[in-house]
Amino acid sequence: MLLAQRIIRDVQYERLKPGDHLEPERTMLERYETGRGTLREALRFLEFQGVIVIKPGPRGGPILTDPNASHLASTLVLLMQLKQAPFRNIVEVRTALEPMISRLAAERISDESLAELGGTIDQMRDHLDNQDLFLEANQRFHDIIAWSSGNTLFGYIVDSLLGILDGTVIGIEYPSPRRAAIVKAHDEIYHALMSRDPQAAEDRMRDHINEYVKYAELKFPEVMDHVIRWDRTIT
């Protein structure tokens with residue numbers, strides 16, 4: 001662990017970017033004055049965390065990556081299962097965070113992200129009869145807003161929970177009328193963001209999440225108290 005931390009400090013000091021190779025094993029052994037077994041364990045740990053990939057072959061070795069939120073998602077869901085935390089906890093996190101995230105996004109979102117956000121709404125309209133494609137675009141909508149808040153932690157939190165936010169892994173379904181209502185809500189949020197109106201963006205997102213809670217409580221009350229299992233979310 002200590003060696004892995006030293007490697008990451010050096011990565012930042014040297015301003016390496018995703019796609020850059022770390023030093024060869026022989027150089028790292030000399031630089032860190034450690035054994036081959038310890039170095040390889042440290043690199044395997046970083047690989048497990050998604051920080052590097054280790055490619056085999058003479059031109060391989062450790063390569064820096066841009067970590068996604070899948071490792072955080074795995075850890076969060078595992079801890080929630082061990083604590084027997086119900087899906088309701090996820091809903092409460094959404095209710096608390098996403099309106100605030102939308103407020104920040106209204107102030108900071110780029111024109112490129114706005115265009116991408118609009119594209120997700122078009123995709124949802126085009127796939128009202130296909131729940132899988134519809135929900136894929138729905139997740140992307142919320143992901144774009146989270147990262148557009150300009151707050152990395154918000155981005156990672158929402159990104160890590162995208163696979164379970166809609167509740168489909170534990171039985172929540174979205175018939176066509178509900179999907180149409182979601183598109184309408186997303187369109188209102190989008191226009192608030194496009195107008196760079198923080199209060200409107202916060203209010204429209206809060207309305208959207210509250211409607212989602214009402215729907216889930218009414219149609220799937222038993223699901224709200226269901227514990228999400230780690231093995232249902234890991235791919």
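Mentor: Helices here are DSSP runs of H or I with at least four residues, strands are E runs of at least two, and both are numbered from the N terminus. On those terms, Arg 196 lies in the loop between helix 9 (176-194) and helix 10 (198-219). The model is predicted, so local features need pLDDT of at least 70 and side-chain atom pairs pLDDT 80 or more, while totals for chains, interfaces and linings use all residues. Residues are numbered from 1 along each chain as its sequence is written, and side-chain values use heavy atoms, leaving out hydrogens and water.

Trainee: How many helices and strands does the protein chain have?

Mentor: The chain has 10 helices and 2 strands, in the order α-α-α-β-β-α-α-α-α-α-α-α along the sequence. Its C-alpha trace spans about 65 × 40 × 30 Å along the principal axes.

Trainee: Why is Arg 196 called partly exposed?

Mentor: Its relative accessible area is 34%. Buried means under 20%, exposed means over 50%, and partly exposed is what lies in between (1.4 Å probe, protein chains only). The value of 34% therefore makes Arg 196 partly exposed. Its phi is near 55 degrees, a positive value in a residue other than glycine.

Trainee: What is the class of Arg 15, buried or exposed?

Mentor: Arg 15 has a relative accessibility of 70%, and therefore counts as exposed. This residue is placed in the loop between helix 1 (2-13) and helix 2 (25-32), and its phi, near 55 degrees, is positive although the residue is not glycine.

Trainee: How do you know whether Ser 160 is buried or exposed?

Mentor: A relative accessible area of 5% places Ser 160 among the buried residues. Ser 160 belongs to helix 8 (residues 152-165). Leaving aside residues up to four places away in sequence, Ser 160 touches Ala 69, Leu 72, Ala 73 and Leu 76, where contact means heavy atoms within 4.5 Å. Of the 235 residues of the chain, 42% count as buried.

Trainee: What makes strand 1 and strand 2 a pair?

Mentor: Pairing requires that DSSP find at least two bridges between two strands. Strand 1 (residues 52-55) and strand 2 (residues 61-64) are joined by 4 bridges and run antiparallel, so they meet the requirement. Val 53 has Ile 63 of strand 2 as its bridge partner. The hairpin has 5 residues between the strands, and Gly 57 in it takes a positive phi near 100 degrees.

Trainee: Why is helix 6 called roughly antiparallel to helix 7?

Mentor: Helix 6 (residues 111-126) packs against helix 7 (residues 131-148) at about 160 degrees, with the axes 8 Å apart. Axes are lines fitted to C-alpha atoms, for helices over the stretch in contact, and angles run from 0 to 180 degrees between N-to-C directions. Under 35 degrees counts as roughly parallel, over 145 as roughly antiparallel, 65 to 115 as roughly perpendicular and the rest as oblique. The angle therefore makes helix 6 roughly antiparallel to helix 7.

Trainee: What is the handedness of the crossing of helix 6 and helix 7?

Mentor: That crossing is left-handed. The term applies if the near helix is turned anticlockwise from the far one by less than a right angle, whereas clockwise gives right-handed. Helix 7 passes helix 8 in a right-handed crossing.

Trainee: How do you know how helix 7 and helix 8 are oriented to each other?

Mentor: Helix 7 and helix 8 pack at about 165 degrees, their axes 8 Å apart. They are therefore roughly antiparallel to each other.
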